[in-house]
Amino acid sequence: MLAIVGATGTGKSKLAVDLASRFNGEIINGDAMQMYRGLPIITNQIPVEERNDIPHHLLSCVELEAEAWRIGRFKKEALRLIDDIRSRGKLPILVGGTHYYTQAVLFKDQLVGEGSDNEDGPEPSRELPSTSDKWPILDSSPEVLMEKLREVDPVMAERWHPKDARKLRRSLEIYFQTGRRASEIYAEQKLLKNEAAMKDEGLLRFENTLIFWIHAEKEILNARLDARVDNMIEQGLMAEAQTMSDYLKMKQSQGIQVDQTRGVWVSIGFKELEPYFAAVQAAELSEEQLEDLKMRCIESIRAATRQYGSSQVKWIRNKLWRALSDADMTRRLYLLDSSSVKDWDECIAKPSENIVQSMLESKATPDPKSLSKLANTVLGAKEEQARAQPVSVMQCFTCNMCNKTMAGEEQWNIHVNGHSHKRAIKSAARKAERDAYFRKRELEAQAASNSGATRLINT
């Protein structure tokens, strides 16, 4: 099983075709937007003439009005295709930018929202879907989130800092989406991992799995993405977006309201151009004003594309890496440096072919950090970070003296041994001494007063 991941515009589809051509493979699309039919430019589908007659599954197979597939549905169909491809003696290659999809196929028993088996899990798209419409409390303040989490899942509430809204929200999302406590799901995952280790089984679904991460430095990638958007405009992105806009108008004329917060309608390239199409229809702006608006919309496409690329890289660095680390399989992730397009064969094609060949021949594969300077830097940093992190379960500690809450034992130890905490202890001790002194003086004065009053009465 091969999987190819990476930010948009790095060459995932090209590498998939190269490897499929070399090793008798077939390609399974893992990009939610590229499943839509009739929008090859906006969804960045690989052109037919560049596919080298390699079969591409789950590509351009969904109608415009359909919702993007839920994770469970995609996983079921992808696994069926993988079995079929392997039964014909061919190599399945999963490629795409919707990493929810990829992770659901690669790993067993993933958490909801991280490649879940749950059919009702979040819908993958180029933008993370909002769950706050369904559960408005998720948009509340950290204090409200913490109060609710303490009510439904006190174990998770103890783990998180009261101000860490992101983690509080995530734990509540899991509870709302599954009806089960996140702490219970995490505990089950840990148990499954331990059982798999005892049986000498892995958490990866397929024993022989290779994951290629095509990556480039941020500045290089951003410049490439800007140029890519310009090329998409030249190829006809505006016409495709106009087709989508006309489709919405037709549906509106029929009294049908299309949900533009889901499916292909959240794809980058359409929603950014909506203000321009609306202005053209209104016919209230001059030609110069329309052109200026169009340029601003195109710049919005560039910005959204760069942001999407960053979010894809973040997913790989964090969630995919963490899943591989939990499975003790980070050695299966190979970073390929695509910073220089002219060095594709040397930096991408040849190394990946050699690694796949070694796997197929049951030979040892190289250390992923050995492929390039970039691979050594990025993967080495992740390994060092993993070694530095404590293995204990996260828990929060509150210092009532300083009125502070720390996330984790490490931060707690830093706090109690820090100067500010020690100063607070000394200050509290001095205050206690002062309070005791004045209390003593007050008692002495009161005793003296009482003694004087007694003498006066006796007299």
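Which side chain meets that of Glu353 in a salt bridge? I found Arg22 there, at 3.8 Å from N to O, a salt bridge being a side-chain nitrogen of Lys or Arg within 4 Å of a carboxyl oxygen of Asp or Glu. This pair links distant parts of the chain, with Glu353 in helix α12 (residues 344-360) and Arg22 in helix α1, 331 residues apart; helices (H or I, at least four residues) and strands (E, at least two) are DSSP runs, numbered from the N terminus.

I note that the model is predicted, that local features need pLDDT of at least 70 and side-chain atom pairs pLDDT 80 or more, while totals for chains, interfaces and linings use all residues. Residues are numbered from 1 along each chain as its sequence is written, and side-chain values use heavy atoms, with hydrogens and water left out.

I then looked up accessibility: Glu353 is partly exposed at 23% relative accessible area, and Arg22 is partly exposed at 42%, where buried means under 20%, exposed over 50% and partly exposed in between (1.4 Å probe, protein chains only).

Next I checked Arg170, which forms a salt bridge with Glu173 at 3.1 Å between the closest N and O atoms; both lie in helix α6 (residues 165-178), 3 residues apart, about one turn of the helix. Glu173 is buried, at 11%.

For Lys148 and Glu151 I recorded a salt bridge of 3.4 Å, N to O, the two being 3 residues apart in helix α4 (residues 142-152). Lys148 is partly exposed at 23%, whereas Glu151 counts as exposed at 56%. In total, I noted 29 salt bridges in the structure.
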